[in-house]
Amino acid sequence: MALIQCPECSGQISDRAIVCPHCGLPMRDGSISTITPRKARKRRPNGSGTVVKLSGKRKNPFQVRINTRIDINGYPAYDVIGNYPDRVSAEIALAEYNKAPYNPNDRKKLFSEVFASWYQWKYKAPFEVRGKKTSAQGCAIAAYKKCSQLHGIAMWDIRTQNLQDILDQEDLSFSTVEHVRNLFRQMYKYCIQYELVAKDYSQYTQITKENDNVHGVPFTREELSLLWQHKDIPFVDTVLIYCYSGWRINELARMPLDGISLEERTFTGGLKNRYSRDRMVPIHSAIYEMVCRRLNPRFKSLIYHTDEKDISEKDYREHFRSALLACGIQTEHTPHDCRHTFNVLLDSAGVDRVARYKLMGHKGQDINENVYTHKDLGQLREAVEAIKVGSEC
């Protein structure tokens, strides 16, 4: 009897052994002359990464490692692409990486981290910083807060169903869902640009909720008449101010007080876009005294106060509804309906289209209306004063 070397594990075994006691390789009646040794795995080029089988019983034992280096303590350090159930999957993952190398840390960035970097990139400021924000910034932050269940998930791992689950939440209004979906689209556009995701999954989402805010409900002549008859009821004056100025609810409610000039009888402000921002709207003579009474430096807002204390938008909407009921108006209205009312009143008074666009903060229909047609303050005041009030409206 003699000792020979196992071609598989190189262990010393008897030439009469049927199988190798070290690795279990069949020896075919003790002869290894007919056994073809397994070819050694070809060595990869330096710097192309490696596949390592981890010890122990694991679901995904094959780990793909790249960028191997020595840390400050002299120990090997590396980036991990991922763990895989078999060597073939791991080899494919490593081959795909070498075909188009990327930063593995980018694929570990959470939704919350990507939002922070996107917001900084888009608005040139951290979203956590307090201070005055545009309407777009406010909408983005509000939409982000509605996605709390995504905050702790890596952006790379998010799929269409994760996004759709957010959009399908019952407690979200249609307008909120629109803002959330818009946020998804903008974030994925940013991620594609910087290779933080493989594809834009937001394009496959859809809004399934019924649109409940497409059409406003303008106040009728009868309802406007009731408002004028009960103008001394608390907050009815604010409804009339909105109806005869056309501002969006927070354009006026959050307008700095120095944007309201009693001497020039004008409002100056706006939030939504470049056609809305910094626009000037003359104060209609019928609401001028109401504006004078409500404009008080003790309060932050012309609208959001009770003559005793500041209130929130939510509180104001409650006061708005109560004021309408106190006037005998049963139709359900929102503050935005006042803006629709203003546009209807301008149209009914025969105000030309360009003046209406300027007062409403809307984009004109062509370059002539957008660029070459100008309206001075006198012409805009003429347009506003064309609106009749009380029994004449």
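A residue is called buried when its relative accessible area is under 20%, exposed when that area is over 50%, and partly exposed in between, with a 1.4 Å probe and protein chains only. The model described here is predicted, so local features need pLDDT of at least 70 and side-chain atom pairs count only at pLDDT 80 or more, while totals for chains, interfaces and linings use all residues. Residues are numbered from 1 along each chain as its sequence is written, and side-chain values use heavy atoms, with hydrogens and water left out.

The structure holds nine salt bridges, a salt bridge being a side-chain nitrogen of Lys or Arg within 4 Å of a carboxyl oxygen of Asp or Glu. One of them joins Glu-318 to Arg-321, with the closest N and O atoms 2.5 Å apart; both residues lie in helix α10 (residues 313–326), three residues apart, about one turn of the helix. Helices (H or I, at least four residues) and strands (E, at least two) are DSSP runs, numbered from the N terminus. An α-helix has 3.6 residues a turn, so residues three or four places apart point the same way. Glu-318 counts as partly exposed at 42% relative accessibility, and Arg-321 counts as partly exposed at 40%.

Salt bridges that share partners also join Arg-248, Glu-251 and Arg-279 into one network. Because Glu-251 lies in helix α8 (residues 249–253) and Arg-279 in strand β8 (residues 279–282), the pair ties together parts that are 28 residues apart in sequence. Glu-251 is buried, with a relative accessible area of 3%, and Arg-279 is likewise buried, at 5%.

Asp-79, in strand β5 (residues 76–84), is buried with a relative accessible area of 14%. Its side chain makes a polar contact of 3.4 Å with that of Arg-69, where a polar contact is a pair of N or O atoms within 3.5 Å, one able to donate a hydrogen and the other to accept it within protein, and residues adjacent in sequence count only if both atoms are side-chain atoms.

Helix α12 (residues 353–360) is largely enclosed by the rest of the structure, because six of its eight residues are buried; among them are Arg-356 and Tyr-357. At the start of α12, a side-chain oxygen of Asp-352 comes to within 3.1 Å of the backbone nitrogen of Val-354, and just after the helix Gly-361 adopts a positive phi of about 75°.
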